[in-house]
Amino acid sequence: MSSTESPSAVLAAVPVPPSGPRAGQGEAVREVKLPGLTLNVRSRPAGGPDGLAPAMFVHGLGGSSTNWSALMSRLDDRLACEALDLPGFGYSPPPDDGNYSFAGHARAVVRLLEAGGRGPVHLFGNSLGGAVATKVAAARPDLVRTLTLISPALPELPPQRSALPTGLLGVPGIPALLIRATKDWAPERRTRELLALCYGEPDRVGEDAFTEHASEYERRVELPYFWDALSRSARGVLDAYTLGGQHSLWRQAERVLAPTLLVYGGRDKLVSFRMAARAGRTFRDSRLLALPNSGHVAMMEHPDLVARAVRELLDETDGSRK
């Protein structure tokens with residue numbers, strides 16, 4: 001997990017051209033080039049006040065930095081927020097080494113933090129990003145002030161049945177079958193299926209937001225590396241179930257020293273709400289936000305409630321003040 005990269009290793013950090021990702025109001029988007037790795041990074045507040053404590057946000061499987069826009073907009077008076085597109089997702093191209101494992105994604109986060117000299121940060125992770133953030137916090141406590149995990153993809157046995165199709169994406173041959181089975185689906189149908197899987201109350205997604213989701217889904221599914229990045233990252237989730245000893249994600253969670261906020265949704269179809277109890281026992285310094293009506297992406301579905309809990313964590317730890 002350690003890296004020899006220094007701030008001087010950043011080859012370029014330039015604004016993304018107009019054909020690239022759209023920055024929301026109050027956001028800025030840039031491209032950070034590192035040896036063998038290019039990352040799209042979304043920040044908020046754009047050109048905001050100095051002195052805010054840094055925060056880094058890591059999305060889940062198939063997600064992107066935009067998954068955090070709603071939450072970042074509610075925290076930008078306390079935190080200097082940055083959200084990355086993991087390699088192969090959003091607007092970040094695949095890594096040169098093709099490594100989509102948890103360890104590979106965690107190294108990308110660490111390299112970005114070290115290159116920017118931003119640590120220690122308030123680190124956030126959702127789903128796969130929650131597992132990645134756990135690895136970072138366990139291996140590099142010097143880089144993490146607090147940890148906020150929203151439905152983290154920590155191994156769950158047995159997994160709930162509604163999560164099995166997503167897990168099968170990591171099985172060789174399955175993505176090809178899925179591509180053939182869904183090749184005639186319109187973007188709107190793909191989007192409805194995705195929202196039904198990830199949201200506790202998908203009908204509450206507004207028409208404008210739905211249109212944006214569908215447009216982005218259509219763009220990404222046409223990328224030549226889309227299915228490869230998705231399936232290899234899903235395989236990393238499956239591999240995590242077989243890791244034992246010190247490499248187990250639950251063992252690594254035990255080593256996390258940072259104050260931790262755990263957020264679980266009662267209607268989550270991918271990470272069972274029952275895992276909240278185990279996570280609460282495992283992380284040394286944890287507190288729980290339970291959202292009965294939320295699904296897998298509480299920061300998108302209930303950003304006000306999540307932001308309030310984050311503010312309480314910041315107040316409790318005084319972590320946002322230097």
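Biologist: Is W227 buried or exposed?
Modeller: This is a predicted model, in which local features need pLDDT of at least 70 and side-chain atom pairs count only at pLDDT 80 or more, while totals for chains, interfaces and linings use all residues. Residues are numbered from 1 along each chain as its sequence is written, and side-chain values use heavy atoms, with hydrogens and water left out. Buried means under 20% relative accessible area, exposed over 50%, and partly exposed in between (1.4 Å probe, protein chains only). Because its relative accessible area is 16%, W227 is buried.

Biologist: What is the mean pLDDT of the protein chain?
Modeller: The pLDDT is the predictor's confidence in each residue, from 0 to 100. In the protein chain 88% of residues reach 70 or more, and the mean is 87.

Biologist: How many helices and strands does the protein chain have?
Modeller: Helices (H or I, at least four residues) and strands (E, at least two) are DSSP runs, numbered from the N terminus. Counted in this way, the protein chain has 12 helices and nine strands.

Biologist: Why is the pair of F57 and F124 classed as it is?
Modeller: Rings of Phe, Tyr and Trp (its six-membered ring) pair if their centres lie within 6.5 Å, and planes under 30 degrees apart count as stacked, over 60 as edge-to-face and the rest as tilted. A search of the whole structure finds four aromatic pairs. For F57 and F124 the centres are 4.2 Å apart and the planes are at 15 degrees, so the pair is stacked.

Biologist: How many residues apart are F57 and F124?
Modeller: F57 is buried, with a relative accessible area of 0%, and F124 is buried too, at 1%. F57 belongs to strand 4 (residues 53-58) and F124 to strand 6 (residues 121-126), so that the pair links distant parts of the chain, 67 residues apart.

Biologist: Which residue joins F57 and F124 in a cluster?
Modeller: Ring pairs link three residues into this cluster. Besides F57 and F124, the cluster contains W68.

Biologist: Which residue lies over the face of Y91?
Modeller: A charge sits over a ring if NZ of Lys or CZ of Arg is within 6 Å of the ring centre and within 35 degrees of the ring normal. At 3.7 Å from the ring centre of Y91, the residue over its face is R219.

Biologist: What is the relative accessibility of H105?
Modeller: H105 lies in helix 2. Not counting residues up to four places away in sequence, H105 touches L86, P87, F89, Y100, L128, V132 and S233. H105 counts as buried, because its relative accessibility is 0%.

Key
Contact means heavy atoms within 4.5 Å.
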